[in-house]
Amino acid sequence: MHGVRRAALAALARAGEDAPGTGPGLGRAAARLLPLPLPGGAARPEHTGWSDAVAAAAGALRAGGLVAVPTDTVYGVAGLAQDSGAVRSIYSLKGRNGKKPLAICLGDVERLYRYCQVNVPDELLRDLLPGPVTLVLKRSEELNKDLNPFTSLVGVRIPNHPFIRELARACPGPLALTSANISCQASTLTVSEFQELWPQLSLIIDGGPIGDIQSPECRLGSTVVDLSVSGKFTIIRPGCALASTVEILRQKYGLIPEPAGEPGH
């Protein structure tokens, strides 16, 4: 049985390359739904089948596709940030304004330094990441120039969710990550809530419900904070971790809050 499952997952990993007449992540006839091992999103990396699920998702991404993934806040859609075609597919999928930036997602804080110019202490990064926070920093030359070409900044996520962190580690560069919903609609906490996106996705990783689906607070998404100016911070989106984030930045590191409204944020 395990051999059959592994073969099926291997086929999923190759599926993006085998779909004739379709662009990356688009135009496929049916969504491929892959439940994580263990119900309710309680999957663990050591569980049988975990590495196969990571491999299937990474294979779909390397083929230029888009993959729906659970995070520590809401469901997301990921593509390879260094793949300009995948970036365009994300905007098409969501009907997203081309001037709204995409965040990148990494598996570990150490990798952040390659894609961002960091002007805060490493300890500060580790106090907030992994976690439900997006840190906005100055981008480095390593990042794909077709990703958010209208701004010198980039948002960085390291979700506190083992699957997406393992997936990010398995990919050759950062993931471009956005919420799994049509632009301007509510964030999603189960895979069934974004069924209209399924036909345009290469793979859907079902990690079960995220949080309390009846609670509006669970749909707030990550807290977005701009740390690109030394000694200051700006809250771009309050999100679900506002109070704890502000406390760390002000009380522990003495950063000064600035009002939002800078262009390009």
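## Ground rules

Because this is a predicted model, local features need pLDDT of at least 70 and side-chain atom pairs count only at pLDDT 80 or more, while totals for chains, interfaces and linings use all residues. Residues are numbered from 1 along each chain as its sequence is written, and side-chain values use heavy atoms, with hydrogens and water left out.

Helices (H or I, at least four residues) and strands (E, at least two) are DSSP runs, numbered from the N terminus.

## The largest pocket

Rolling a probe the size of a water molecule over the atoms shows where empty space is left. Here a pocket is an open set of points on a 1 Å grid over the protein atoms alone, where a 1.4 Å probe fits, with protein on both sides within 12 Å along at least five of seven lines; lining residues have an atom within 4 Å of a point. Grid points are joined across faces, edges and corners, and a volume is the space filled by probe spheres set on the points.

The largest pocket comes out at about 850 Å³. It is lined by 37 residues, and the closest to its centre are Arg96, Pro101, Thr178, Val224 and Arg237. Strands that each supply at least two lining residues are β3 (75-80), β6 (133-139), β7 (153-157), β8 (175-179), β10 (223-226) and β11 (232-237). The largest share, four residues, comes from β7. Sorted by class, the lining has 14 nonpolar, 17 polar and six charged residues (Ala, Val, Leu, Ile, Met, Phe, Trp, Tyr, Cys and Pro count as nonpolar, Asp, Glu, Lys and Arg as charged, and the others, Gly among them, as polar).

## Strands β6 and β7

Which strands sit next to β6? Strands pair here if DSSP finds at least two bridges between them. β6 pairs with β7 in the antiparallel sense over five bridges, with Lys138 standing opposite Leu153 of β7. With β10, the pairing is parallel and has four bridges; Val133 has Thr223 of β10 as its bridge partner. β6 is mostly covered, with six of its seven residues buried (buried means under 20% relative accessible area, exposed over 50%, partly exposed in between, using a 1.4 Å probe and protein chains only).

β7 is largely enclosed by the rest of the structure, because five of its five residues are buried. In a regular strand the side chains alternate between the two faces of the sheet. In β7 both faces are covered: Leu153, Gly155 and Arg157 are buried on one side, and Val154 and Val156 on the other. β7 also runs parallel to strand β4 (residues 103-105), joined by two bridges, and Cys105 stands opposite Arg157.

## Helix α3

Why is α3 (residues 84-94) described as largely enclosed? Nine of its eleven residues are buried, so the rest of the structure largely encloses this helix. Among the buried ones are Val87, Ile90, Tyr91 and Leu93, and what covers the buried residues includes β3 and β8 (contact means heavy atoms within 4.5 Å).

At the start of α3, a side-chain oxygen of Asp83 comes within 2.9 Å of the backbone nitrogen of Gly85. That is a polar contact, a pair of N or O atoms within 3.5 Å; within protein, one must be able to donate a hydrogen and the other to accept it, and residues adjacent in sequence count only if both atoms are side-chain atoms. After the helix comes Gly95, with a positive phi near 65°.

## Spots in the loops

Thr188 is in the loop between β8 and β9 (203-206), and it counts as buried because its relative accessibility is 3%. A polar atom of the Thr188 side chain lies 2.9 Å from the backbone oxygen of Ala180. Leaving aside neighbours within four places in sequence, the contacts of Thr188 include Val74, Tyr75, Glu193 and Arg219. Cys184 is found in the loop between β8 and β9 as well. Cys184 is exposed at 78% relative accessibility, and its phi is positive, near 80°, although it is not a glycine.

Asn148, in the loop between β6 and β7, is another non-glycine with a positive phi, about 50°. Is Asn148 buried or exposed? At 2% relative accessibility, Asn148 counts as buried. Finally, the peptide bond from Leu129 to Pro130 is cis, with omega near -5°, and Pro130 lies in the loop between α5 (122-128) and β6.
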